[in-house]
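User: Hi! I'm new to this one, could you walk me through it?

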Amino acid sequence: MQLDTRPAAAPTPASRLPRGRAISVAVVSLLAALAAGHLVAGFVGAGASPFLAVGNWVRDNSPHAVVEWAKATFGTADKTVLFIGVAVVVLGVTAVAGLLSRDRPTPGLVVAAVLGVLGFLAVLTRADLGQLAIAAPAAAMVAGLVVFNWLHGKAQPAEQDRESRRSFLRAGAGVVLGAGVLGTVGQLTGSRVDVEASRAAVGRLTPASPAPKLPPRADFAADGTARFITGNRDFYRIDTALTLPRLTARDWRLRIHGLVDEPVEFTFADIRGRRLIERPVTLACVSNEVGGGLISTANWIGVPLRELLLEAGVKPGADQLFSTSTDGFTAGTPVDALLDPDRGAMLAIGMNGEPLPQEHGFPARMVVPGLYGYVSATKWVVDMELTTFADKQGYWIPRGWSARGPIKTQSRIDSPRDGFDLPRGANTVAGVAWAQTIGVRQVAVRVDDGEWHRAELGAEVGLNTWRMWRVTLDLEPGERTIQVRATDNRGHTQTDAEAPPAPDGATGWHTVRVAVH
Ligand SMILES: Nc1nc2c(c(=O)[nH]1)N[C@H]1C(S)=C(S)[C@@H](COP(=O)(O)O)O[C@H]1N2
Ligand SMILES: [Mo]
């Protein structure tokens with residue numbers, strides 16, 4: 001028997017979409033879908049915007065190795081790279097969907113539906129979005145399917161090809177324009193929460209108990225060290241936020257609950273109305289490499305967290321304070337550290353005299369001396385649950401970082417920089433050392449494995465801040481290696497064993513190589 005291998009209704013070549021047109025149909029439909037989703041997200045929560053939601057999902061669910069590789073390779077530009085990566089993949093899938101749909105729209109509709117479902121999942125799996133939020137991916141999916149189907153019809157090459165071409169171009173341009181308008185409206189609606197106006201309304205914060213005045217010689221900036229107090233603009237920034245959370249002081253609430261006698265809730269006015277203290281604290285990121293810049297110092301203004309916790313009444317057995325940011329980031333902090341009156345853990349609302357900048361957690365964040373930020377420094381904090389380490393894990397713990405994160409005693413050479421040329425003879429080497437809550441006792445510097453020279457220490461401002469140091473060394477011509485190590489007040493000297501940041505902070509001696517002429 002002869003089989004007729006031709007498809008029953010073989011499309012005539014004339015009804016087949018040219019490649020470029022097929023891809024345009026798909027890409028324009030994608031734009032329409034994203035814009036519709038963005039518009040609705042403007043009303044139901046900015047994080048529900050499909051592209052952002054998918055970006056967030058990729059960030060939270062990427063394998064540990066990929067996340068660490070991205071951080072190491074792109075540093076704080078990792079978010080931009082993530083966005084570009086997601087965009088390239090989505091565009092690629094869309095183009096392929098277009099090419100598969102040259103004969104009929106069905107394959108493209110299937111791909112659009114699958115992308116839509118991904119949008120749903122990305123939104124549904126976010127703890128920080130309400131149920132209404134699924135309206136955003138729903139709108140995106142409907143817009144994508146409808147526009148694709150419609151444009152696909154318009155794209156059919158008819159007898160009068162010029163006519164059809166013009167009508168298709170008009171339709172496509174109309175959709176692109178409409179998408180632009182919808183997207184812009186969504187953007188404006190989503191950003192109607194005016195954070196800067198709220199910060200301005202809060203105004204200057206004047207603590208009842210101000211920070212100590214900086215003593216002379218707190219830093220050796222003239223010798224090249226960092227300034228003792230880091231300006232708000234220069235303060236290092238680390239967080240998972242792809243877009244900054246927008247909270248106003250008026251809308252903000254902090255709930256403390258879980259293993260407590262009585263759950264409590266605070267407004268910004270409640271916190272501001274309490275006796276405010278101001279304390280210098282050096283924050284450090286666990287991801288900081290030896291010699292790195294992810295460490296800064298500010299005068300933080302706020303209230304002791306201990307007071308708030310005592311008001312709620314911490315039940316015995318609660319060993320972890322599980323804090324949650326408005327964007328879903330979480331951190332687990334040992335309750336001991338927070339209840340210790342000497343530690344000075346704060347709920348901070350101010351930074352160097354101003355309300356917290358938006359990127360540093362406005363309206364309120366945690367600051368806990370002596371613990372790396374990932375286990376203690378929750379920005380945009382809205383919820384604190386008293387629980388146990390056995391019961392819950394903060395954001396970074398299942399991603400390969402240690403549940404406990406005490407800051408390791410460390411030191412850094414700020415001047416000279418690696419690779420510098422220096423004149424022979426006397427040269428001042430200067431930098432910082434830190435051992436938060438313990439204090440720095442001694443810093444020593446050596447050249448080429450020679451003897452250790454004790455450095456002059458800057459004035460001690462407090463145990464919770466870094467301490468500057470400097471030493472003048474006689475350098476002989478040639479390639480020289482300069483190393484530093486600190487000893488803290490417990491007598492612990494930094495180990496020279498090099499360890500990477502994961503899982504609980506880098507170790508090793510900061511080393512710079514210079515050429516002496
Ligand atoms: N909401 C939120 N808070 C967060 C983070 C985050 O990703 N989201 N990152 C933490 C980490 S890892 C660090 S090191 C500090 C950094 O605080 P900074 O950006 O103000 O310097 O914030 C902590 N608080
Ligand atoms: Mo961090």
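Analyst: Happy to! Keep in mind that this is a predicted model.

User: Got it. Which residues come nearest to ligand 1?

Analyst: There are 18 residues around ligand 1, and Y236, T240, H360, R365 and K379 come nearest.

User: And how do the residues of that shell divide by type?

Analyst: The shell around ligand 1 has 8 nonpolar, 5 polar and 5 charged residues.

User: What about backbone atoms and the oxygen atoms of ligand 1?

Analyst: A polar backbone atom of T240 is 2.8 Å from an oxygen atom of ligand 1. For I238, a backbone N or O atom lies 3.0 Å from an oxygen atom of the ligand. There is also A377, with a backbone N or O atom 2.9 Å from a nitrogen atom of ligand 1.

User: How much of ligand 1 does the protein cover?

Analyst: On its own, ligand 1 has 530 Å² of accessible area, and the protein covers 99% of that.

User: Nice. Changing topic: which residues form the nonpolar patch on the surface?

Analyst: That patch is formed by V110, V114, V117, L118 and L121, with about 420 Å² of accessible area together. V110 is found in helix α5, residues 106-124.

User: Which side chain does S49 join in a polar contact?

Analyst: The side chain of H38, with a polar contact of 2.7 Å to that of S49.

Definitions and conventions
Residues are numbered from 1 along each chain as its sequence is written. Chains are lettered from A and ligands numbered from 1 in the order in which they are written. This is a predicted model: local features need pLDDT of at least 70, side-chain atom pairs count only at pLDDT 80 or more; totals for chains, interfaces and linings use all residues. Side-chain values use heavy atoms; hydrogens and water are left out. A residue is near a molecule or strand if one of its heavy atoms lies within 4 Å of it. A polar contact is a pair of N or O atoms within 3.5 Å; within protein, one must be able to donate a hydrogen and the other to accept it, and residues adjacent in sequence count only if both atoms are side-chain atoms. Accessible areas come from the Shrake-Rupley method with a 1.4 Å probe; for residues, only the protein chains shown count as cover. Ala, Val, Leu, Ile, Met, Phe, Trp, Tyr, Cys and Pro count as nonpolar, Asp, Glu, Lys and Arg as charged, and the others, Gly among them, as polar. Patches are made of residues with over 30% relative accessible area and no salt bridge: like charges are joined within 9 Å, nonpolar side chains (Val, Leu, Ile, Met, Phe, Trp, Tyr) within 5 Å. A salt bridge is a side-chain nitrogen of Lys or Arg within 4 Å of a carboxyl oxygen of Asp or Glu. Helices (H or I, at least four residues) and strands (E, at least two) are DSSP runs, numbered from the N terminus.
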